[in-house]
Amino acid sequence: MHETHIILGIESSCDDTAAAVLRQTGDGPAEILSSVVHGQTDLHSAYGGVVPEIAARAHAEKIDTCIRESLSVASVTLDDLHAIAVTAGPGLIGGVMAGVMCAKGLSAATGRPLIGVNHLAGHALTPRLTDGVSFPYLVLLVSGGHCQFLIAHAADRFDRLGGTIDDAPGEAFDKTARLLGLAQPGGPSVEREAEAGDPERFRLPRPLTDRADCNMSFSGLKTAILRARDKIVAEKGGLTRQDRADLCAGFQAAITDVIVLKTRIALTLYLQNAPAEPVLAVAGGVAANKTIRAALERLCAERDVTFVAPPLSLCTDNAAMIAYAGLERFRAGDVDDLSLTARPRWPLDTSRPALLGSGRKGAKA
Ligand code: KG4
Ligand code: ZN
């Protein structure tokens, strides 16, 4: 008789309050019984970015209803749970604390074990939840706050090959949209405008592509967009729709080129150890970009590597990934106790030096 485990996941590290319930029987696939996400975009939109204090308060206010909703949709009660997993970092400290304190309360009240999950591990393990991918696999995490290549060797062992040394790609998309007067979040707006644009008209920089490592830099791109925009405005008094489309197309082409070139290097490093079933998985909101996704798919086809892109709702911040990462640890007998603390910074791979400047804003991961 296979044992069934039911786990609650809680996520509150940035601007999404989320709760989810997962069930797994024996070694079968984990089933998402519910995944509730309450975003806070409206609360922050007037400020041009996530305001940590507003986020923390909103998490504290919403977390109970969010958990109640996730239990109700899953048709389970607190008594049915075997463990409680919560994001314990990295992220905005006020939000992480709201989640950790709530999870501790639930753990103390129910007597169920508490598991503090690394948010980045949640993203990195998602391909196992959605596609049952086996270790070791290569994962590219591209979001509004993070950009890194990781080889996932085990649920608690990651090798970081490199990442951005300044802005994350999502941040660059958002800033570019702001410079061009397009709506937030910038990724989808820039992608839409780029469809009618000529990617060759503005030749934007491809930073660090002359280096043979996996590190990237995206902050210079927005400066290049700013200069190109100001030059057109000075010459013609304003931007036409076509100018905007061409700038977006040029920007998207530059980001895609950098990501593809660095993924090529990361794949070479990953394939050196001849994994039996080579996989490149993507996670994070930028993975929704069709141009970037298609370019990565082509690269994988060329290298005979399976490309895995989880559905967007599981690529962006959610609690199902936290519950799943918790489940992997619970099954390995690795749980925390009530001394668990919130960690604003928590690199997945501590053997590598910190990526200078990366995650500086402590925002989305
Ligand atoms: O993973 P996510 O929801 O939040 C975190 O950063 O954790 O990612 C949000 C980021 C935003 O910066 C957004 O502009 C970007 O993902 N994004 C996109 C697209 N959709 C969302 N970037 C490029 N193309 C898209 N289609
Ligand atoms: Zn995230």
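In this structure, 24 residues of domain 1 are in contact with 32 residues of domain 2, where contact means heavy atoms within 4.5 Å. Before I continue, please note that this is a predicted model, in which local features need pLDDT of at least 70, side-chain atom pairs count only at pLDDT 80 or more, and totals for chains, interfaces and linings use all residues. Residues are numbered from 1 along each chain as its sequence is written, chains are lettered from A and ligands numbered from 1 in the order in which they are written, and side-chain values use heavy atoms, with hydrogens and water left out.

Let me set out the two domains. Domain 1 comprises 4-126 together with 314-361, and domain 2 covers 135-313; these bounds come from an automatic or database domain assignment. Taken over C-alpha atoms, the centres of domain 1 and domain 2 lie 26 Å apart.

I turn now to the interface. The size of an interface is often given as the accessible area lost when the parts come together. Here, about 2,300 Å² is buried between domain 1 and domain 2, and carbon and sulfur atoms give 58% of that area. Buried area is the accessible area (1.4 Å probe) that two parts lose on being put together, summed over both.

How many salt bridges does the rule find across the interface of domain 1 and domain 2? The number is zero, a salt bridge being a side-chain nitrogen of Lys or Arg within 4 Å of a carboxyl oxygen of Asp or Glu.

On the side of domain 1 that touches domain 2, the elements giving two or more residues are helix H4 (119-131) and helix H10 (312-315). Helices here are DSSP runs (H or I, at least four residues), as are strands (E, at least two), numbered from the N terminus. H4 gives the most to this side, with six residues.

Proline 90 is found in the loop between strand E4 (83-89) and helix H3 (93-110). Is proline 90 buried or exposed? Proline 90 is buried, because its relative accessible area is 9%, and buried means under 20%, exposed over 50% and partly exposed in between (1.4 Å probe, protein chains only). Not counting residues up to four places away in sequence, proline 90 touches several residues, including Ser13, His119 and Trp346.

Threonine 176 has its place in helix H5 (residues 169-179). Threonine 176 is also buried, with a relative accessible area of 0%. Leaving aside neighbours within four places in sequence, threonine 176 is in contact with Val190, Ile225 and Phe251.
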